[in-house]
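Please keep the model open as you read and look up each residue as it comes.

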Amino acid sequence: MKIILIGYMGSGKSSVGKALATYLSVKFLDLDAAICAEENKTIPEIFSTNGEIYFRRKEAEVLKKLLEREESYVLSLGGGTPCYGKNMQLIKDTASVTSIYLKTGLLQLKERLIVEKDSRPLIQDLKTPEVLEDYIRKHLFERTFYYNQSDLTVLIDGKSVEEVVHTVLENLD
Ligand code: S3P
């Protein structure tokens, strides 16, 4: 069993992923963390030193390697992972994978991302809450096409991590 969590930045993929993996007694993997470990750099450092194209190439490579692992796990992707190259197709074509879109509304994303902005290279230079909101609105709209290809969608607005985990478990076969 491989559970893959998909969703925009700030949708709680990592905290839900950790709790879900603990509940299911399987390993928790985080794609961003795996990329950072391979590169020995933080995500902002990879973006500033090597650029986004390099990051996207690395992201696809590390995703492929993780999908080839035999063991069961919960894997949290980066917000952009399903939207580049053949990543979403690869996820859909991999045996025993259930992909889950953690769907979060614009306002909740904005509230979370305002405080976490500096660690995220794509939004760190957006100066005001209004500019950030506009960016998220457009970006989320473009990305939803990919996110919607997930096997399951769980609405997470206003839910605690435990409630999201509970809803995911109810919806798994
Ligand atoms: C990105 C999201 C980030 C990280 C990188 C790019 C994106 O992951 O992979 O900064 O394109 O949305 P999180 O969704 O975990 O913040």
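1. Let us start with a pair of helices. Helices α3 and α4 are oblique to each other. This is a predicted model, and in it the axes of α3 (residues 43-50) and α4 (residues 52-68) cross at roughly 125° and come within 7 Å. On the α3 side, the contact is made by I43, I46, F47 and N50, and on the α4 side by E52, Y54 and F55. Sorted by type, the residues of this contact are five nonpolar, one polar and one charged.

2. Helix α4 also meets α2. Here the axes come within 10 Å and cross at roughly 110°. Angles of 65 to 115 degrees count as roughly perpendicular, and therefore α2 and α4 are described as roughly perpendicular to each other. From α2, the residues in contact are L31, D32, A34, I35, E38 and E39, while α4 brings Y54, F55, K58, E59, V62, L63, K65 and L66. This contact divides into eight nonpolar residues, six charged ones and no polar ones.

3. Which residues does Y54 touch, once those up to four places away in sequence are set aside? They are E39 and I46. Y54 lies in helix α4, and it takes part in the contact of α3 with α4 as well as in the contact of α2 with α4. Its relative accessibility is 25%, so Y54 counts as partly exposed.

4. Now for the aromatic rings. The count comes to three aromatic pairs. One of them joins F47 and F55, with ring centres 4.8 Å apart and planes at 40°, so this pair is tilted. F47 and F55 are both buried.

5. Another pair is formed by Y101 and Y147. The ring centres are 5.1 Å apart and the planes are at 40°, so this pair is tilted. Because Y101 lies in strand β4 (residues 97-103) and Y147 in helix α7 (residues 129-147), the pair ties together parts that are 46 residues apart in sequence. Y101 is buried, and Y147 is buried too.

6. Please look next at strand β3, which covers residues 73-76. L75 has its place in this strand, and with 0% relative accessibility it counts as buried. Setting aside residues up to four places away in sequence, L75 touches I3, I4, L5, L29, D30, L31, L63 and L66. The C-alpha atoms of L75 and I6 are separated by 9.0 Å, although these residues are 69 apart along the chain.

7. S76 is also found in strand β3. Is S76 buried or exposed? The relative accessible area of S76 is 1%, and residues under 20% count as buried, so S76 is buried. Apart from residues up to four places away in sequence, S76 touches L5, K13, S14, G17, F28, L29, D30 and L31.

8. Where is S11 placed? S11 sits in the loop between β1 (2-6) and α1 (13-24). It counts as buried, at 1% relative accessibility. A polar atom of the S11 side chain lies 2.7 Å from the backbone oxygen of Y8. Leaving aside neighbours within four places in sequence, S11 is in contact with L102, T104, L109, R112 and I156.

9. Most residues other than glycine have a negative phi. S25, however, has a positive phi near 55°, and N40 likewise has a positive phi near 55°. S25 is in the loop between α1 and β2 (27-30), and at 64% relative accessibility it counts as exposed. N40 is in the loop between α2 (31-39) and α3, and it is exposed with a relative accessible area of 70%.

Note on methods
Residues are numbered from 1 along each chain as its sequence is written. This is a predicted model: local features need pLDDT of at least 70, side-chain atom pairs count only at pLDDT 80 or more; totals for chains, interfaces and linings use all residues. Side-chain values use heavy atoms; hydrogens and water are left out. Helices (H or I, at least four residues) and strands (E, at least two) are DSSP runs, numbered from the N terminus. Buried means under 20% relative accessible area, exposed over 50%, partly exposed in between (1.4 Å probe, protein chains only). Contact means heavy atoms within 4.5 Å. A polar contact is a pair of N or O atoms within 3.5 Å; within protein, one must be able to donate a hydrogen and the other to accept it, and residues adjacent in sequence count only if both atoms are side-chain atoms. Axes are lines fitted to C-alpha atoms, for helices over the stretch in contact, and angles run from 0 to 180 degrees between N-to-C directions. Angles under 35 degrees count as roughly parallel, over 145 as roughly antiparallel, 65 to 115 as roughly perpendicular and the rest as oblique. Ala, Val, Leu, Ile, Met, Phe, Trp, Tyr, Cys and Pro count as nonpolar, Asp, Glu, Lys and Arg as charged, and the others, Gly among them, as polar. Rings of Phe, Tyr and Trp (its six-membered ring) pair if their centres lie within 6.5 Å; planes under 30 degrees apart count as stacked, over 60 as edge-to-face and the rest as tilted.
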